[in-house]
Amino acid sequence: MSLPIKNVLLLLLVSVLVLFQTTCDADPVFFPGKQNVRMTNDLGAEMTVHCKSKDDDLGFHVVPVKGTYGFKFKPNIWWTTQFFCSFKWGTEFHYFDIYIHERDSRLCADNECMWSIRPNGPCRRDSTFRSYLCHMWNENN
């Protein structure tokens, strides 16, 4: 391939990437901005939470009763972002996938997923119906 053709292809590729990035920032329906996950401790006891994704370990955090813990992140371009957390209080220890892009991206109002952590499992605030949708803990601890 000649040098001018390579330069044209490189310029085209850069233009597509710039256009893609502009689209990502401008259209939150198809390319969401930062997501905010917030969890309220409704367990009746102090909890320790430890959240991770495939790429990030957010560390251990102690959350008092009725206290909150949260984090922000930008979902990947493949829409496969997933965060899972462990929750420990008293003698109880459970896991839950606190954010799965396919499940949560459109159900969290204004890119904010609000969770109530309860003994039987986490409950996500549903802004449409102003209620909570509760889930069971992950089966495999």
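A salt bridge is a side-chain nitrogen of Lys or Arg lying within 4 Å of a carboxyl oxygen of Asp or Glu. Side chains of opposite charge can pair when their charged atoms come close. The model here is predicted, so to speak of local features a pLDDT of at least 70 is needed, side-chain atom pairs count only at pLDDT 80 or more, and totals for chains, interfaces and linings use all residues. Residues are numbered from 1 along each chain as its sequence is written, and side-chain values use heavy atoms, with hydrogens and water left out.

The structure holds 4 salt bridges. One of them joins D42 and K66, with N to O at 2.8 Å. D42 sits in the loop between strand 1 (35-41) and strand 2 (47-53), and K66 in the loop between strand 3 (57-63) and strand 4 (68-73), so this pair ties together parts 24 residues apart in sequence. Strands (E, at least two residues) and helices (H or I, at least four) are DSSP runs, numbered from the N terminus. D42 is partly exposed at 24% relative accessibility, while K66, at 59%, is exposed. For these words, buried means under 20% relative accessible area, exposed over 50%, and partly exposed in between (1.4 Å probe, protein chains only).

Next comes D104. R124 forms a salt bridge with D104, and their closest N and O atoms are 2.4 Å apart. This pair links distant parts of the chain, R124 in strand 8 (residues 121-126) and D104 in helix 2 (residues 101-104), 20 residues apart. Both residues, R124 and D104, are buried, with D104 at 0% relative accessibility. R103 also meets D104 in a salt bridge (2.8 Å, N to O), and R103 is partly exposed at 22%.
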